[in-house]
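Student: Hey, can you walk me through this one? I'd like to start with the ligand and then look at a few residues.

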Amino acid sequence: MKRVIILGSTGSIGCNAIDVISRLENYSIVGLAAYGNYQRLTEQAKKLRPQAVTIINQKFYKKLNAQMGRALTFSGEGGVREMIDAVKADTLICALASSLGIRGVIQAIEKKMEICLATKEILVNFGHLIMGKVKKLGVRLIPIDSEHSAVYQCLEGRNMNDVLNIILTASGGPFLKKSIRNVRKEEVLRHPVWKMGKKITVDSATMMNKGLEVIEAHHLFDVPANMIQVVIHPEAICHSLVQFKDGTLLAQLSTPDMKLPIQYALTAPHRLPSSTPYLDIARVKSLTFTVPNVRKFPCLRLAYEALEIGKTMPAVVNAANEEAVRLFLEDKIVFSKIAGIIEGVMNKHQPLDGNLDCYLEAISWAKSQAKA
Ligand SMILES: NC(=O)c1ccc[n+]([C@@H]2O[C@H](COP(=O)([O-])OP(=O)(O)OC[C@H]3O[C@@H](n4cnc5c(N)ncnc54)[C@H](OP(=O)(O)O)[C@@H]3O)[C@@H](O)[C@H]2O)c1
């Protein structure tokens with residue numbers, strides 16, 4: 001039996017993960033954590049009966065605790081760590097909407113748990129710290145992001161010396177063929193393919209999501225920025241590709257459904273039946289791939305620049321973006337201002353290298369600058 005803790009169980013990935021696990025034999029959910037949606041967390045806990053439940057926003061702890069019966073309950077960021085300590089688990093799914101759970105992820109790595117990672121912000125902010133620990137301790141970290149899952153699958157059993165480049169596909173978001181001037185929030189939040197949380201949906205519309213994925217791919221597969229290419233593929237059938245030095249391209253194709261990469265992260269290298277409808281390749285009329293327009297989507301360029309600069313710069317870009325997206329979702333800025341805010345913060349930042357605290361300080365500095 002594989003015992004799983006899910007951080008971010010109330011979100012889009014978290015709910016899909018619960019669905020996937022409930023269909024798999026020999027997997028059980030032993031811990032759940034969410035940020036503030038204690039009602040959904042309570043419903044999940046009543047149904048799944050995990051050993052422990054954590055609500056990160058302490059304001060809701062009493063309400064959660066009152067309904068939890070025999071399950072252990074924790075609160076706050078520290079509560080995530082307490083839960084990981086208190087419960088015996090084999091796998092941690094991290095699907096929080098920010099890198100808030102970083103210390104919990106580090107603790108799980110130190111306990112040699114297997115990590116299934118959806119939260120790209122963890123690698124964008126702390127990639128070398130995380131991957132350094134993962135390698136040192138021989139821990140398995142498997143991406144859930146569909147593009148990175150695709151690359152992971154294309155690279156399985158291959159020699160990295162044979163790789164020419166990694167090609168990440170992007171659907172292009174809602175504004176691929178439309179102007180981004182004067183767009184309404186509803187249009188931004190209407191992604192043409194994926195149903196996701198609000199933050200990542202805005203990031204898809206600015207293409208910052210792809211930029212963050214470039215940085216994530218750099219850390220996961222240990223390749224430099226110039227070996228990571230992005231192509232627009234609106235059909236979202238081919239989830240990414242790897243090109244080898246002999247000219248061969250390997251790709252992973254499937255119906256777009258996050259349940260598939262979630263399941264693969266849990267069962268790799270085994271492939272079990274899933275609830276995702278099979279792709280009928282004979283009915284796929286066309287697959288198109290084009291170069292992204294970085295003038296229209298400057299966030300993609302900013303992410304590449306941050307990766308080239310390195311040190312704390314990717315974390316600063318991510319933090320400035322988080323703050324700018326929050327301001328946009330709260331109707332305090334218009335959509336087209338997001339990239340300018342991020343670039344302004346980047347221009348003021350002196351990149352540093354150091355321990356976790358150094359990165360956390362840079363993140364809080366960037367958030368305060370983006371707000372100003
Ligand atoms: N959705 C996708 O298809 C998809 C695909 C690839 C990668 N990802 C990545 O997976 C992660 C989760 O995405 P999602 O779409 O599932 O997000 P989501 O639906 O917005 O929510 C994810 C979880 O994060 C919690 N949360 C809320 N505010 C938070 C905060 N300030 N800091 C940390 N966690 C917070 C939520 O708790 P409450 O419900 O209690 O507020 C929820 O449990 C993101 O890093 C995203 O980039 C998502």
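This is a predicted model: local features need pLDDT of at least 70, side-chain atom pairs count only at pLDDT 80 or more; totals for chains, interfaces and linings use all residues.

Student: OK, which of the 24 residues around the ligand come nearest?

Tutor: Those are T10, G36, N37, E121 and D145. A residue is near a molecule or strand if one of its heavy atoms lies within 4 Å of it.

Student: What is 2.6 Å from an oxygen atom of the ligand?

Tutor: That's an N or O atom in the side chain of E121. A polar contact is a pair of N or O atoms within 3.5 Å; within protein, one must be able to donate a hydrogen and the other to accept it, and residues adjacent in sequence count only if both atoms are side-chain atoms. Backbone atoms take part too: a polar one of S12 is 2.9 Å from a ligand oxygen, and a polar one of G197 is also 2.9 Å from a ligand oxygen.

Student: And how much of the ligand's accessible area does the protein cover?

Tutor: The protein covers 83% of the 890 Å² that the ligand has on its own. Accessible areas come from the Shrake-Rupley method with a 1.4 Å probe; for residues, only the protein chains shown count as cover.

Student: Which elements give two or more residues to the shell?

Tutor: They are α1 (12–23) and α6 (120–137). Helices (H or I, at least four residues) and strands (E, at least two) are DSSP runs, numbered from the N terminus.

Student: New topic: where is I55?

Tutor: I55 is in strand β3, residues 52–55. Its relative accessibility is 0%, so I55 counts as buried. Buried means under 20% relative accessible area, exposed over 50%, partly exposed in between (1.4 Å probe, protein chains only).

Student: What is I55 in contact with, beyond its neighbours within four places in sequence?

Tutor: Its partners include A34, Y38, L41, F60 and G76, where contact means heavy atoms within 4.5 Å. G76 is 21 residues away along the chain, and its C-alpha atom is 6.5 Å from that of I55. A34 is also the bridge partner of I55.

Student: So which strand does β3 pair with there?

Tutor: Strand β2 (residues 27–34), in the parallel sense over 4 bridges. Two strands pair if DSSP finds at least two bridges between them.

Student: Which way do the β3 residues point?

Tutor: A52 and T54 point one way, V53 and I55 the other, and all are buried. In a regular strand the side chains alternate between the two faces of the sheet.

Student: Last one: R49 and A236, buried or exposed?

Tutor: R49 counts as exposed because its relative accessibility is 70%, while A236, at 5%, counts as buried. R49 has a phi near 50°, a positive value in a residue other than glycine, and A236 has a phi near 50° as well. R49 lies in the loop between α2 (38–48) and β3, and A236 in the loop between β9 (228–232) and β10 (238–244).

Technical notes. Residues are numbered from 1 along each chain as its sequence is written. Side-chain values use heavy atoms; hydrogens and water are left out.
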